[in-house]
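Q: Please show me how to read this structure, one feature at a time.

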Amino acid sequence: MAGPSSNVGAVQATNDDASASKLSCAKKGYIKDNYVQFFVRRPVKRSPIINRGYYARWAALRKLLFQFLDDGAQTIEGTPLKKQVLSLGAGFDTTFFQLQEEGKAPTLYVELDFKEVTSKKAAIIESLEQLRNKLGNAPCISRERGEVHSEQYKLLPLDLRDIKDLDAVINLAQLDPSLPTFIIAECVLIYLEPYASHALVKWAAENFSTSVFVIYEQVDFCSGNK
């Protein structure tokens, strides 16, 4: 999630706003999320229309993700088919922890975001047993580097405008380009300049032979900025 350098801080702040809105939605019973509370410092009560909007967003992405995870879940030999998820500009999203709780986590779940965001997320994960327990045995967590490494989950810092660094980060995450991959860009590309968002989508298309790229973005129908 990025725009001009002067706006990077403001873009990062949208992460806190989104987490607070998801918590408000969860508290009203629209969605089930037992983990978002750990990432919100100041809970707020959102209006019904905001709660419903976040429910629609959550439900749509969850439906597509479950379709991906459930489709061809078993190989011909009856063993689980390996699949992976790549979340671009993940922020404080808790989908991995929810999937672990539900027994539906993919082979590998990778999250990328600004280092300022991943460092905060790594610190929260390290400090809470409820989150650490979902990472499996002996996860490696570094607040300083903004990284979390476990067998099924990777959290890594990256400015998505730096396409040249993506390959190195993907290698570090141990993503397999040949595996079915679900790529999420949730309210991310809108904060990139058009050339940067084009380069990011092009990179994904060229590097993952079997993938689904799911985009969720704001659209302003009330002005000429569409």
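A: Start with contact, which means heavy atoms within 4.5 Å. Axes are lines fitted to C-alpha atoms, for helices over the stretch in contact, and angles run from 0 to 180 degrees between N-to-C directions. Helices (H or I, at least four residues) and strands (E, at least two) are DSSP runs, numbered from the N terminus. With these terms, helix 6 (residues 163-173) lies across strand 1 (84-88), strand 2, strand 4 and strand 5, and runs at about 150° to strand 5.
This is a predicted model, in which local features need pLDDT of at least 70, side-chain atom pairs count only at pLDDT 80 or more, and totals for chains, interfaces and linings use all residues. Residues are numbered from 1 along each chain as its sequence is written, and side-chain values use heavy atoms, with hydrogens and water left out.

Q: In what order do the strands of the sheet stand?
A: Strands of a sheet pair through backbone hydrogen bonds, either parallel or antiparallel. Two strands count as paired if DSSP finds at least two bridges between them. Here seven strands form an open sheet in the order 3-4-5-2-1-6-7, with mixed pairing. Strand 3 (140-142) and strand 7 (211-216) are at the edges with a single partner strand each, so one side of each has no neighbour in the sheet. From one strand to the next, the twist averages 15°.

Q: Which strands does helix 4 touch?
A: Helix 4 packs on the sheet and touches strand 2 (108-113), strand 3, strand 4 (147-149) and strand 5 (153-157). The direction of helix 4 makes about 140° with that of strand 5. The expected span of a helix is 1.5 Å times one less than its number of residues. Helix 4 (residues 115-127) has 13 residues and reaches 18 Å from first C-alpha to last, close to the 18 Å expected.

Q: How many bridges join strand 6 to strand 7?
A: Strand 6 (residues 181-186) pairs with strand 7 in the parallel sense over six bridges. Isoleucine 183 has phenylalanine 213 in strand 7 as its bridge partner, and phenylalanine 182 stands opposite valine 212 in strand 7. Strand 1 and strand 6 also pair in the parallel sense, over five bridges; glutamine 84 stands opposite threonine 181 in strand 6.

Q: Is strand 6 buried or exposed?
A: Buried means under 20% relative accessible area, exposed over 50%, and partly exposed in between (1.4 Å probe, protein chains only). Six of the six residues of strand 6 are buried, so strand 6 is largely enclosed by the rest of the structure. Thr181, Ile183 and Ala185 point one way, while Phe182, Ile184 and Glu186 point the other way.

Q: How many aromatic pairs are there?
A: A pair of aromatic rings is described by the distance of the centres and the angle of the planes. Rings of Phe, Tyr and Trp (its six-membered ring) pair if their centres lie within 6.5 Å; planes under 30 degrees apart count as stacked, over 60 as edge-to-face and the rest as tilted. This structure holds 10 aromatic pairs. In one of them, the ring centres of tyrosine 30 and tyrosine 55 are 6.5 Å apart and the planes are at 45°, so the pair is tilted. Tyrosine 30 is in the loop between helix 1 (8-27) and helix 2 (48-70), and tyrosine 55 is in helix 2, 25 residues apart. Tyrosine 30 is partly exposed at 28% relative accessible area, and tyrosine 55 is partly exposed at 36%.
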